[in-house]
Amino acid sequence: MKFLTLFSFFAVFFVQVQAQQNTVIVNADQAEIQINEHVYGQFSEHLGRGIYEGIWVGENSDIPNKEGYRTDVLNALQELQIPNIRWPGGCFADNYHWRDGIGPRNERPKRLNTHWGGVVDDNSFGTHEFLRFTELIDAEPYISANVGSGSPAEMRDWIEYMTFGGDSDLANLRRENGKDEPWKIKFFGIGNESWGCGGNMQADFYADLYRQFQTYANNYSGNELYKIASGMYDTRYDWTETVIREAGEFMDAISLHYYTLPGEGWDDKGPSQNFGEEMYYWGLKAGLLLDEFIIRHKTIMDKYDPEKNIDLAVDEWGVWTNPREGSNPGFLEQQNSLRDALIASTSLDILNSHADRVTLANIAQTVNVLQAMVLTDGEKMLLTPTYHVFHMYRVHQNSMLVPVHADVNRYVKEEWDEPVESRFDLSFEEPGIPTVSSTVSKDENGVMHFTVTNLHPNATQEVVFDIRGAQVDEIVSGSARILTGDSVDAINTFDDPNSVQPKKFENVELEDGKLTMSLPKHSVIVVSVR
Ligand code: AHR
């Protein structure tokens with residue numbers, strides 16, 4: 001017994017200190033596709049404390065605010081360089097009637113939010129408040145229109161209200177409500193999850209409805225809408241095929257939603273804190289499946305659209321766990337751990353790697369809901385580990401994707417693969433998960449940016465990036481930063497808000513075109529070279 005205990009101690013110690021070797025060949029002269037900045041988009045729905053309290057507190061609140069928007073949250077989001085933000089849903093969008101949210105706030109109708117927690121929405125946050133918010137954080141609006149319970153005429157009028165610069169009753173109503181000049185709206189979703197909460201439609205029916213609705217999604221006063229069709233959820237390949245085949249000629253993009261459930265499935269998604277290594281493994285494994293779903297949907301798109309005229313918009317993604325204890329289950333509140341940050345970094349690597357089709361993506365959701373960037377409690381606010389990943393990854397926005405060839409170790413627990421396989425009815429080609437995930441990009445000044453994640457919960461990864469096709473001589477001063485924590489389930493709390501935050505990273509060297517780094521267990525780093 002004593003011998004066994006001693007043996008296991010040494011076994012664990014060995015695994016923990018042993019560093020594993022990995023090589024990544026970087027073909028710097030083959031960067032041909034741009035990583036669209038809009039892949040770094042956000043999503044804010046009328047859901048729980050996402051908008052009300054999280055973003056909007058009203059001008060008379062004791063919480064410091066600018067024009068009714070929380071100052072602390074505004075500052076944090078401005079820092080993040082958010083390219084676009086999707087609103088008002090999600091499922092809420094197909095229940096939303098835009099006229100409820102305009103005019104004097106105290107005269108707006110109070111409506112029941114039937115999807116999320118059965119609470120009353122006083123509509124104090126409406127079209128003007130959302131679009132002003134996008135101006136304040138310098139993001140492009142992505143409006144999601146109501147197809148499930150709305151009409152083409154209602155949608156048409158909303159577009160005219162927002163974007164027409166001439167002398168029409170709707171444009172003049174907008175002026176009466178305080179906005180003279182029309183807004184520019186590009187991203188425009190026509191329906192959300194129309195196969196589910198957005199109307200429980202069949203693919204053929206939605207394809208026809210999409211064709212009808214998009215006919216009335218007009219361009220006014222130089223505004224040009226980029227029309228996004230409601231797409232599928234992970235394995236709904238049949239939906240993609242039908243909608244693209246029947247209505248593909250009328251869309252700029254079709255969406256894909258994928259949520260990472262670290263637990264058993266929808267009935268038990270797993271806790272968002274104190275989950276341990278097995279659920280860490282399940283979470284990573286499930287997160288990495290995003291790649292498989294994108295590849296399969298792209299294959300269908302290639303069949304009907306070989307010229308790649310239609311983009312894939314992954315306009316809802318992220319980790320979805322069981323609700324935080326004591327919270328309203330309809331508010332989808334959860335903690336945000338280092339694991340979630342690593343799922344975010346690897347998901348962003350996947351999205352970047354599909355830059356040829358994926359030009360827009362939106363993590364769900366910005367504040368207080370699901371895999372949030374920011375959590376609030378009264379007047380307190382904290383930045384989540386996921387926030388920091390988005391901050392570190394800003395360097396890739398609009399940079400050119402540099403192709404890499406990675407030869408990396410795998411973190412293998414075959415007995416833990418099976419539960420994920422059976423949930424998705426898949427059989428994995430290789431057991432385990434890669435320990436190292438990365439994105440390499442090159443910006444317009446020729447600076448190369450590396451973001452690298454070590455997913456292993458116990459072992460350091462030594463990684464050599466062999467940079468070919470470019471002359472690089474120096475690490476950009478101050479660019480190397482690392483995000484990690486004491487454990488895979490490390491979190492930030494209101495009492496200790498900076499437990500997981502980026503720090504200076506020292507273990508990186510550049511010599512003879514080889515960028516060598518030593519990545520501690522469960523960490524993500526960013527570094528730039530020129
Ligand atoms: O993000 C939460 C919900 O997840 C959205 O409202 C819906 O589109 C999806 O099912």
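**Salt bridges, burial and surface charge**

Glu53 has a relative accessibility of 32% and therefore counts as partly exposed (buried means under 20% relative accessible area, exposed over 50%, partly exposed in between, with a 1.4 Å probe and protein chains only). The model is predicted: local features need pLDDT of at least 70, side-chain atom pairs count only at pLDDT 80 or more, and totals for chains, interfaces and linings use all residues. Residues are numbered from 1 along each chain as its sequence is written, and side-chain values use heavy atoms, with hydrogens and water left out.

Glu53 pairs with Arg49 in a salt bridge, with 2.9 Å between the closest N and O atoms (a side-chain nitrogen of Lys or Arg within 4 Å of a carboxyl oxygen of Asp or Glu). Arg49 is buried, at 15% relative accessibility. The structure holds 29 salt bridges. Another joins Glu333 to Arg324, with the closest N and O atoms 2.6 Å apart. Here Glu333 is buried at 5% relative accessibility, whereas Arg324 is partly exposed at 34%.

Glu474 and Arg530 also form a salt bridge, at 3.0 Å from N to O. This pair links distant parts of the chain, 56 residues apart. Glu474 lies in the loop between strand 23 (460-468) and strand 24 (481-484), and Arg530 in the segment after strand 28 (523-529) (helices, H or I, of at least four residues and strands, E, of at least two are DSSP runs, numbered from the N terminus). Both are partly exposed: Glu474 at 38% relative accessibility and Arg530 at 41%. A network of salt bridges links Lys298, Asp302, Asp305, Lys308, Asp356 and Arg357.

The protein chain has 11 helices and 28 strands. Its radius of gyration, taken over C-alpha atoms, is 23 Å, close to the 24 Å that the globule rule gives for 530 residues, so the chain is as compact as a globular protein of that length. That rule is 2.2 Å times the number of residues to the power 0.38. The C-alpha atoms fill a box of roughly 80 × 50 × 45 Å along the principal axes.

Of the 530 residues, 58% count as buried. In helix 10 (residues 385-392), eight of the eight residues are buried, so this helix is largely enclosed by the rest of the structure. Among them are Tyr387, Phe390 and Met392.

Lys413 sits in the loop between strand 19 (410-411) and helix 11 (414-424). Its relative accessible area is 26%, so Lys413 is partly exposed.
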